[in-house]
Amino acid sequence: MVNWLQRIINRLFRNFFKKKGHVKLGLYGPPNGGKTTLANRICKDWLGEEMGSVSNIAHETREIQIKEEIHIKSDGKELSFNLVDTPGIATKIDYEDFINAGMKETKAKKRAKEATKGVIDAIKWLDEMEVVIVVLDSTKNPYSQVNITMIGNLEARNIPVLVVANKVDLKKSNVKKLEAAFPQYEIVAISAKYGDNIDEFYKSLFKLAG
Amino acid sequence: MPHQCVRCNTIYDDTAKEILKGCNCGGKLFFYIKKKRLEELKETTTKLTKKDKKQIEEDVLELVGKEKIDQDQPVILDFESIRILKPGQYELDLVHLFKKQPLVYKLEEGKYVIDLPVTFGQEKERIE
């Protein structure tokens, strides 16, 4: 009963802020899915500046990054939001992976520790989010523990979700598999790096949060 | 199910007064053990060197924030959210983390640290 009431209150609260145009929009997903690349794309398109650094080595973003007051326009409508880029969510973080990617041991261990803290912070911040964009690498198997746990949890919290199938510019990309894994969601296939289909992404974002 | 003192590893039964008053060694942090799980963990943790264990302890205290741990209060832990296999290797239980259960960091066999503010935050939520 309390949960039910809480949910209604949360939804009213969320709608209230939505109308005011101050949506808190979170980018979530496993490491190296392209969250920061997408955040940079959004910031470059609408603010003319980048948000954070990207790397081929996983867990480049280890702290929550926020860009406030982004205004986007599509079909004569305007949407304002605060963009929150989060560290990649993982079930296992091993410094040896970073060493294999060419990092020195001390640095790799530090990265592992910071990445672990990043996962905890990202999950803690979920309470603050009004809309979530889940960024998934479309070249990878979508049926992972991280994806299932994360998306299931967002559903349980009644947070509106847009699933992005990123990296469609790569040969191995398989959007169909991703669509089959999460049939209850609208999936937008993009390349955050090259901007492929990004207009479609903005349109979907409007539909969800506008 | 028995409880084990984090400091000296002594095992007490459920009804033991030491769990409420504190262990004879002065330790007040206990963890709840499942025998099956303990056997599994023994294997991985016996391989750790003293230096590794010290490093793990420092890492965890840094992750939680040293000032957050009140060592005067007995704390009983019965699950793990984060396991540290050795320095720099972490396993995270996402189901626990997403469910907003208290954060427990496993240092080594018999040694855990709990993120108290998260736990108390939950209590507050429940009362409200």
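Helices here are DSSP runs of H or I with at least four residues and strands are E runs of at least two, both numbered from the N terminus. Select chain B to begin, where these rules give five helices and eight strands, arranged from the N terminus on as β-β-α-β-α-α-β-β-β-α-β-β-α.

A note on the model before going further. It is a predicted one, in which local features need pLDDT of at least 70 and side-chain atom pairs count only at pLDDT 80 or more, while totals for chains, interfaces and linings use all residues. Residues are numbered from 1 along each chain as its sequence is written, and chains are lettered from A and ligands numbered from 1 in the order in which they are written.

Staying with chain B, colour its 128 residues by burial: 27% of them are buried, that is, have 20 or more other C-beta atoms, placed from the backbone, within 10 Å of their own. Contacts, for which two such C-beta atoms must lie within 7 Å, can be drawn next; of those between residues at least 6 apart in sequence, 56% join residues at least 24 apart.

Now show both chains, and select the 20 residues of chain A that are in contact with 14 residues of chain B. On the chain A side, β4 (92-94), α4 (105-125) and α5 (145-156) each give two or more residues, and α4(A) gives the most, with nine.

Finally, select β4(A) together with β6 of chain B (residues 89-92), which pair in the antiparallel sense over three bridges, where pairing requires at least two DSSP bridges. Within β6(B), pick B:E91, the bridge partner of A:K92.

Technical notes:
Buried ≥ 20, exposed ≤ 12 C-beta atoms within 10 Å, placed from the backbone.
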